[in-house]
Amino acid sequence: MKTILIVDDEPAARYGLRRALEAKYRMAEADSAEAAREALPRERPDLVLLDVVLPGQDGLSFLKWMREQGSEVPVLMVSALDTAKTAVQALQLGAADYLVKGFELEELRQRVANLLKLATLEKENDSLRRRMAAEGEFGQMIGRSAEMRGAFETADRVAPTDSTVLILGESGTGKDLLAQEIHARSPRAAKPYVAVNCAALPETLIESELFGYERGAFTGAAQQKKGKFELASGGTIFLDEIGDMNPVTQAKVLRALENRTIERLGGTQSIPVDVRVISATHRNLPAEIRNGKFREDLFYRLRVVNIELPPLRAHKSDIAPLAEAFLQMHGTRLGRAMRLSREALAALEKYDWPGNVRELKNALERSAVLCRKEEIAAEDLPPEVAHGEAISAKQGGEDHDHGMDEQDFREAKRKFEVAYLMKQLVEHRWNVSRTASTIGLHRQSLQEKLRELGIRRPGRELMEEEG
């Protein structure tokens with residue numbers, strides 16, 4: 001039998017509520033917030049009927065305390081105060097419903113039944129999500145290896161909290177999908193999820209994107225603009241590739257995390273922001289700290305909970321279920337069933353996937369589109385996958401000595417330049433301006449050199465500001 005705790009200082013009100021519900025539920029009572037604090041662990045209620053006006057601590061303050069303690073027990077506010085402001089405030093603090101005194105008893109019974117049914121469904125969903133995480137599914141992500149299941153289980157445990165999370169992993173491992181699913185499983189799920197790619201934004205723009213600006217803050221600032229932190233208020237902000245953030249912006253992000261306030265560019269007013277921060281990077285942040293490129297104090301603020309997604313080459317046992325899921329998705333879109341031949345699957349499992357799960361998904365989409373048969377053969381796969389040689393390795397030079405064994409100086413110089421520039425471009429995610437700045441060239445000079453050497457980003461023309 002479900003237990004309902006009534007918290008009301010009026011004996012007559014408690015009596016009326018008890019008589020209306022005691023036929024179907026076990027009832028418990030408390031005449032103050034203090035008494036209710038003691039009753040919660042003792043009675044373990046499935047639902048709380050909470051009055052707004054109480055002696056000492058009021059009902060809204062008690063509700064806030066419950067949520068701060070991590071209690072997820074549904075609360076139905078019952079009050080004589082028929083004001084929209086109080087009702088909205090109660091719902092914002094985590095009340096499940098609000099009922100004004102003077103209600104019909106049947107309405108009370110129906111509201112209580114609905115809330116208990118919803119709570120039961122949520123518990124079942126939580127149990128199902130935990131089981132799926134243990135079996136290798138986490139939202140849109142699939143991974144049955146021990147490494148991936150461990151990452152999913154950690155993410156599932158941290159999702160209902162407000163803890164700051166740092167996700168580590170190479171490009172294409174699914175850091176953004178993991179962040180989205182953590183948000184979707186959090187109490188903030190109904191609030192905004194705002195993603196910012198710190199590597200794709202020029203250093204001159206990232207600060208104004210994150211914190212916004214006031215009118216007239218700089219040339220072109222014709223009107224006030226809210227930043228991503230403000231837009232994410234109440235929800236989650238995902239700072240992707242935070243390792244690429246410049247030191248000045250790092251300091252401001254640190255202040256935002258510590259004080260929960262931000263200032264717009266050109267402004268002097270501190271603006272409170274209620275956001276959960278999830279960040280991600282492919283960089284080795286301890287090494288970046290040693291090199292003076294990343295703040296140590298920010299690092300420890302960001303990695304309250306640390307989740308590492310392994311590269312696909314480290315859990316190749318997941319390639320088969322991933323490939324099956326991707327082919328089913330692509331086949332549904334194309335209107336035909338698709339499957340892999342034994343040789344094609346063997347080629348997929350032999351390849352090292354430098355682009356990780358994203359590269360696998362794109363390779364299978366290409367094969368599904370171009371293959372005219374239901375079964376994809378090894379020869380239908382991209383050449384680098386079929387032959388087991390990554391594009392980046394092929395374009396980095398025909399051999400691995402980068403020209404050191406060449407007799408001709410000009411050819412040796414060309415091979416070295418190709419290998420060196422490919423390495424720098426990959427490290428900077430093919431952002432030409434950032435690569436040029438790092439290696440001490442003007443952007444135009446680097447672009448001319450890339451054209452001269454015939455270097456293009458694998459699978460597409462080289463873009464000027466590719467992130």
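Me: Where is the place of Arg 44?
Reply: This is a predicted model. In it, Arg 44 is in the loop between helix 2 (33-43) and strand 3 (47-51).

Me: And what's its phi, for Arg 44?
Reply: Positive, about 50°, although Arg 44 is not a glycine.

Me: Is Arg 44 buried or exposed?
Reply: Exposed, with a relative accessible area of 66%.

Me: OK, now Trp 353. Where does that one lie?
Reply: Trp 353 sits in the loop between helix 14 and helix 15. Its phi is also positive, near 50°, in a residue other than glycine.

Me: Is Trp 353 buried or exposed?
Reply: Trp 353 is buried, at a relative accessible area of 0%.

Me: Switching to helix 13. Which residues are buried there?
Reply: Among them are Ile 319, Leu 322, Phe 326 and His 330. The helix covers residues 319-334 and reaches 22 Å from its first C-alpha to its last, close to the 22 Å expected.

Me: What do the buried residues of helix 13 pack against?
Reply: Several elements, including helix 14 (342-350), helix 15 (356-370) and strand 7 (141-142). Just after helix 13, Gly 335 takes a positive phi of about 80°.

Me: How many bridges link strand 8 and strand 16?
Reply: Four, in the parallel sense. Ile 167 stands opposite Ile 307 in strand 16.

Note on methods:
Residues numbered from 1 in each chain as written. Predicted model: local features only at pLDDT ≥ 70, side-chain atom pairs only at ≥ 80, totals over all residues. Heavy atoms only, no water. Helix = DSSP H or I, 4+ residues; strand = E, 2+ residues; numbered from the N terminus. Expected span 1.5 Å × (residues − 1). Buried < 20%, exposed > 50% of the residue type's maximum accessible area, 1.4 Å probe, protein only. Contact = heavy atoms within 4.5 Å. Pairing = 2+ DSSP bridges.
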